[in-house]
Amino acid sequence: MTGETDLKKLLASMTPELLDGTYVFATLAPGVLQPEGLDPVMMFREREGTTLIVTGDAASAAGLAASFRCRMITLSIHSSLEAVGFLAAITARLADAAMGVNPVSGFYHDHLFVPTDRAQEALTLLRQLAKDNAG
């Protein structure tokens, strides 16, 4: 299954879902092992270190310094990794509202990490974007 590539269908059919919990971004220096028992929702290695997205509670329990308290919104449509413009349209809509967002693409879905205090606003904007592209 390769996922949807049609931009209009992607935008019209996405169903944004706000997940429970508050997340943070943390980093480990190169060569530092991930704390035992930590279960990040995302991990990405860069030259400067390994980025982890974990719950705020998990970061505190592991003694990790954390940044960007955020909520996770999953766009419940199987978007193709080759889809063009999907995240650009979404991030542009949020940017128009002066809202920062950190998008992450998984194999099946795209996920947005938005400021904790603006999560409901982000949901409203995303639902309106879907409506604007329906029909």
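Mentor: Four aromatic pairs are counted, taking ring centres within 6.5 Å as the rule. The model is a predicted one.

Trainee: Why is the pair of F25 and F113 called edge-to-face?

Mentor: The planes of F25 and F113 stand at 85° and their centres are 5.8 Å apart. A pair needs centres within 6.5 Å, and edge-to-face needs planes over 60 degrees apart.

Trainee: Which strand pairs with β7 in the antiparallel sense, and over how many bridges?

Mentor: Strand β6 (residues 102-105) does, over four bridges. At least two bridges are needed for two strands to pair, so β6 and β7 qualify. V104 stands opposite H111 in β7, and a hairpin through four residues joins β6 to β7.

Trainee: How do you know whether S80 is buried or exposed?

Mentor: The relative accessible area of S80 is 11%. Buried means under 20%, so S80 is buried. S80 lies in the loop between β5 (66-75) and α3 (86-96). Leaving out residues up to four places away in sequence, S80 touches T2, G3, E4 and T5.

Trainee: Which residues have the most contacts inside the largest nonpolar core?

Mentor: They are M14, I73, I90, L112 and V114, in a core of 20 residues. At least two residues each come from α1 (7-13), β5, α3, β7 and α4 (119-133). Helix α4 gives the most, with six residues. As for V114, its contacts beyond four places in sequence include F68, I73, L94, M99, A119 and A122.

Trainee: What makes the reach of α4 close to the one expected?

Mentor: Helix α4 has 15 residues and spans 21 Å from its first C-alpha to its last, close to the 21 Å expected at 1.5 Å a residue.

Trainee: How do you know that the buried residues of α4 line one face of the helix?

Mentor: The buried residues are A119, A122, L123, L126, L129, A130 and N133. Seen down the axis of α4, they fall within an arc of 125°, so they line one face. These residues pack against α1, β1 (16-18), β5, α3 and β7. The face turned away from the buried side carries the exposed residues Q120, T124 and K131.

Trainee: What follows α4, and what is its phi?

Mentor: G135 follows α4, and its phi is positive, near 75°.

Trainee: D132 is in helix α4 as well. Why is D132 called partly exposed?

Mentor: The relative accessible area of D132 is 41%. Buried is under 20% and exposed is over 50%, so D132 falls in between and is partly exposed. Neighbours within four places in sequence aside, D132 is in contact with K8 and R93. The C-alpha atoms of D132 and A12 are separated by 7.4 Å, although these residues are 120 apart along the chain.

Technical notes. Residues are numbered from 1 along each chain as its sequence is written. This is a predicted model: local features need pLDDT of at least 70, side-chain atom pairs count only at pLDDT 80 or more; totals for chains, interfaces and linings use all residues. Side-chain values use heavy atoms; hydrogens and water are left out. Rings of Phe, Tyr and Trp (its six-membered ring) pair if their centres lie within 6.5 Å; planes under 30 degrees apart count as stacked, over 60 as edge-to-face and the rest as tilted. Buried means under 20% relative accessible area, exposed over 50%, partly exposed in between (1.4 Å probe, protein chains only). Contact means heavy atoms within 4.5 Å. A nonpolar core is a set of buried Ala, Val, Leu, Ile, Met, Phe, Trp, Tyr and Cys residues joined through side-chain atoms within 4.5 Å. The expected span of a helix is 1.5 Å times one less than its number of residues. The arc is that of the directions from the helix axis to the C-beta atoms.
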